[in-house]
Amino acid sequence: MKKYKIPYLPLKKITAMHRGEIHKTVSQTIDEGWYIRGKMVSKFENNYARYIGSAYCVGCGNGLDALTLIFRAYKELGRLKDDDEVIVPANTYIASILSITENHLKPVLVDPYYSSLELDDFLAEKAITKKTKAILLVHLYGRCAMSEPIAELCKKHNLLLIEDNAQAQGCTYYDKRTGNLGDASAHSFYPGKNLGALGDAGAITTNDKKLADMIRALGNYGSNKKYVFPFKGKNSRLDEIQAAVLNMKLKYLDKENNYRRKIANYYIEHICNPNISLSFDPIADNVYHIFPIFCDKRDELKKYLEENGVETMIHYPIPPHKQNCYKELANLDLPITEQIHQTELSIPCNQTMTTEDAKYIVNVINRFHIG
Ligand SMILES: Cc1ncc(COP(=O)(O)O)c(C=O)c1O
């Protein structure tokens, strides 16, 4: 077999695909001489709101801040208070949980369905108490986690529906995009995301003007008027240079997501190793931020793929409730989440790959045998 080297996510190559346009827009922005809260940020906020289908978009420093600002704004608006409970899938990146505890709210971790890796609505309903005030729905790995039962739960129990859309830019649910399915949504533009900046960046989308105004103030030291501070806010603002890069890359997002789908569909059709499962049924709207495969001998498989030139990642090796910072959650009974974390392996799936790369990866995976 030809000696291949396939990186997991070659950011340098991804940026190089748009090198000319990035250099042009960044140079123009530098020459404008205005670097925070200027024309580029407004332009991106308008374009991204239009893309998502929401009335408002507020740029901020990163995805964790976007989530944290949403909960904080609901507290300032009197919709949430200390110790209120927020239902959240246990199999998520730690930022989802941090945004809840940072606001003195209580995360109620719920296992996902193994068949879809999405929040189990049956378990979610069982976890609802008088203190439950919101569901934080995470569109993990690029796959929409919304469902009719989740919408009904929110309606029946008067819960806020907040989306963590950090991993699913461009994903759709019927005729809407993720990021516009609930009350508010957080977006991350970390460089490795499907829409990635050249540094940290994030945004909030919502159709609620009061919420958008509050978030904008809270991310600007708590001020909506220069040198007047009604709230104890923080500094979390999208900067002009990142906004310029995002504006430029947004034009290519759908095309690049379609390319990811092409690679993913090739995997789905051709990976046929009985020791490996793909876990979920393919759905058309998945934007495949991550393509996970599952194997009881995950670490052996990772080593074998590396020896054969295929770089992989694990999303994630330790679930949030087993992290030292959340000792109080350590005894929760979350068997599906733990199984996912013990068996998951992410294989390369991005717009820089060729079909030859995908073929090579499939061949290597299908030859893997245990023991
Ligand atoms: C599901 C999820 N939520 C939130 C975040 C936080 O985003 P950021 O890295 O921009 O703070 C991430 C980032 O990886 C994520 O994957």
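In which sense, left-handed or right-handed, does α4 pass α8? The points below start there.

1. The crossing is right-handed: α4 passes α8 that way in this predicted model. The two axes come within 9 Å and cross at roughly 110°. Angles of 65 to 115 degrees count as roughly perpendicular, so α4 is roughly perpendicular to α8.

2. Residues on both helices make this contact. From α4 come Leu69, Ile70, Arg72, Ala73, Tyr74 and Glu76. From α8 come Leu211, Met214, Ile215 and Leu218.

3. The largest nonpolar core has 33 residues. Ile70, Phe71, Tyr74, Leu136, Ile162 and Ile215 touch the most other members. Each of these elements supplies at least two core residues: the helices α4 (63-76), α5 (94-101) and α8 (209-218), and the strands β1 (56-60), β2 (85-89), β4 (132-138), β5 (160-164) and β8 (184-188). The largest share, seven residues, comes from α4.

4. Where does this core lie relative to the two domains? Domain 1 (19-110 + 117-250) and domain 2 (253-367) both give residues to the core, so it lies between them.

5. Leaving aside residues up to four places away in sequence, Ile70 touches Ile162, Ala184, Ser185, Ala186, Ile204, Leu211 and Ile215.

6. There is a second, separate core of 29 residues. Its members include Ala264, Ile276, Tyr304 and Phe368.

7. Helix α12 spans residues 335-343. Thr337, Ile340, His341 and Thr343 are buried there. Their cover includes β11 (291-295), α11 (298-307) and β12 (344-347).

Note on methods. Residues are numbered from 1 along each chain as its sequence is written. This is a predicted model: local features need pLDDT of at least 70, side-chain atom pairs count only at pLDDT 80 or more; totals for chains, interfaces and linings use all residues. Side-chain values use heavy atoms; hydrogens and water are left out. A nonpolar core is a set of buried Ala, Val, Leu, Ile, Met, Phe, Trp, Tyr and Cys residues joined through side-chain atoms within 4.5 Å. Buried means under 20% relative accessible area, exposed over 50%, partly exposed in between (1.4 Å probe, protein chains only). Helices (H or I, at least four residues) and strands (E, at least two) are DSSP runs, numbered from the N terminus. Domain bounds come from an automatic or database domain assignment. Contact means heavy atoms within 4.5 Å. Axes are lines fitted to C-alpha atoms, for helices over the stretch in contact, and angles run from 0 to 180 degrees between N-to-C directions. Angles under 35 degrees count as roughly parallel, over 145 as roughly antiparallel, 65 to 115 as roughly perpendicular and the rest as oblique. A crossing is left-handed if the near helix is turned anticlockwise from the far one by less than a right angle, and right-handed if clockwise.
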